[in-house]
Amino acid sequence: MARGVDIEIPAKLAPLYRPARYKVFYGGRGGAKSWGFARALLVLALTRRMRILCAREFQVSIADSVHRLLCDQISELKLSASFTITRTQISALNGSEFIFKGIRHNAQEIKSLEGVDVCWVEEAQSVSRESWDLLIPTIRKQGSEIWISFNPGLPDDETYQRFVLNPPEGAVVVKVGWEDNPWLPDTLRAEKDYCLSADPEAYAHIWGGEPRVVSDAQVFKGRYEVTPFETPPDARFFHGADWGFAQDPTALVRMFIKDECLYIDAEAWGTGVELDELPALFDSIPTARTWPIKADGARPETISHMARKGFRISAAKKWAGSVEDGVALLKGFRRIHIHPRCRHCADEFRLYSYKVDKNNGDVLPILVDAHNHCIDAARYALDGYVKSAPLNISPAAVMPRTTPRMAGMAGMRGRA
């Protein structure tokens, strides 16, 4: 680090100072990724003579680049005496230089660049396969690095596929969000809180840094919200469990019903959970031992094990079409409320989707078997209230009610 320069960046960005060919930082708004990249590069540029290429897919003018961001940080860090700034370039007194290029329309200039030490690709979500195939071999100096910062777009975007889902060996891949920024302004904090309450799907993309999904294919689009709520002291709880296998997670959810709405107020989630670790996982929900649990019947030996450990657990019924019938019941609630602490439930209700025909984009009436562990657990929890088609039960039929003989307790009423 440059002598006499005191630089602060979010702790999540510390790997920027460690050698790696690829440094990939992605996530939602408010994570200070660009701000941190600019600061780190300015510091490194003062430690030794470097050539730094600041690239993006399109750059019509210098105003489209990170030139202004770097200038602002030079001023903020009181480093103006160490840098010379022109309209199109930035250079340090020690010979370090920053170059700004768009990849798509500057192919020959990019190919001719020599001696690049660090290439920073900003807003990398829009960089195409062709542009990556052009850029990567160009950054060929021994020990050179490619820094990548972006907010994800679509899950099929080349950058997300290449560097997040299938990263090169040895790549540093870090998800950075607003929660990692200790200097998040109150204005942004208020904006993200409002977005979470008003549109959880938009929140997951804009603030949560998740890829945008095809909204028409979302099973629960417009039927749920992620918002804080108080659990009534007399709630009639429903518990449901879905067993994991290998890398699939085990999930336990707790729910209650009020005013024809379903409330999910607690979850337990674990990947690679061993049989002897299951009781501790379930005990993270305080009511798991005192209320009945309905579980996936595909693992009778696991159900028996948990019953011996003191849980009131039994297998949920299954039949041909039980998944679709259970989803239909869940969709029939007036609203599904998910507490923010149940983040895996929130993710799944956003991502659970119908299959899409890749040839013409048609949404098909086929449920994709993914992002459904908590959702399966919720279906199992309502065992006995889910009926085979034709569906002859509505959420109103499982509303709790209080009677004089059950003062303070919630009963259940239903119809065959």
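**Pockets, a buried helix and paired strands**

User: What is the volume of the largest pocket, and what makes a space a pocket?

Analyst: The largest pocket holds about 1,500 Å³, a volume being the space filled by probe spheres set on grid points that are joined across faces, edges and corners. A pocket is an open set of points, on a 1 Å grid over the protein atoms alone, where a 1.4 Å probe fits and protein lies on both sides within 12 Å along at least five of seven lines, and its lining residues have an atom within 4 Å of a point. This lining counts 46 residues, and Glu-210, Pro-211, Val-213, Arg-350 and Leu-351 are the closest to the centre. This is a predicted model, in which local features need pLDDT of at least 70 and side-chain atom pairs count only at pLDDT 80 or more, while totals for chains, interfaces and linings use all residues. Residues are numbered from 1 along each chain as its sequence is written, and side-chain values use heavy atoms, without hydrogens and water.

User: Which helix gives the most to the lining of the largest pocket?

Analyst: That is helix 11, with 5 residues, which spans 343–351; helices (H or I, at least four residues) and strands (E, at least two) are DSSP runs numbered from the N terminus.

User: Which helix gives the largest share of the lining of the second largest pocket?

Analyst: Helix 1 supplies 3 residues there, and this pocket has a volume of about 370 Å³. Among its 18 lining residues, Gly-30, Ala-32, Lys-33, Ser-34 and Trp-35 are the closest to the centre.

User: Why is helix 1 called largely enclosed?

Analyst: Buried means under 20% relative accessible area, with a 1.4 Å probe and protein chains only, and 11 of the 15 residues of helix 1 are buried, so the rest of the structure largely encloses this helix. Those buried residues include Lys-33, Phe-37 and Arg-39.

User: How do you know that strand 6 pairs with strand 2, and in which sense do they run?

Analyst: Two strands pair if DSSP finds at least two bridges between them, and strands 2 and 6 share 4 bridges in the parallel sense, with Ile-52 partnered by Val-118. Strand 6 and strand 7 are likewise parallel and joined by 4 bridges, and Val-118 stands opposite Glu-145 of strand 7.

User: What makes the crossover from strand 6 to strand 7 right-handed?

Analyst: The term applies if, with the strands pointing away from the viewer, the path from the first strand over the helix to the second runs clockwise. Here the chain goes from strand 6 through helix 4 (residues 129–138) to strand 7, and this β-α-β crossover is right-handed.

Definitions and conventions
Buried means under 20% relative accessible area, exposed over 50%, partly exposed in between (1.4 Å probe, protein chains only).
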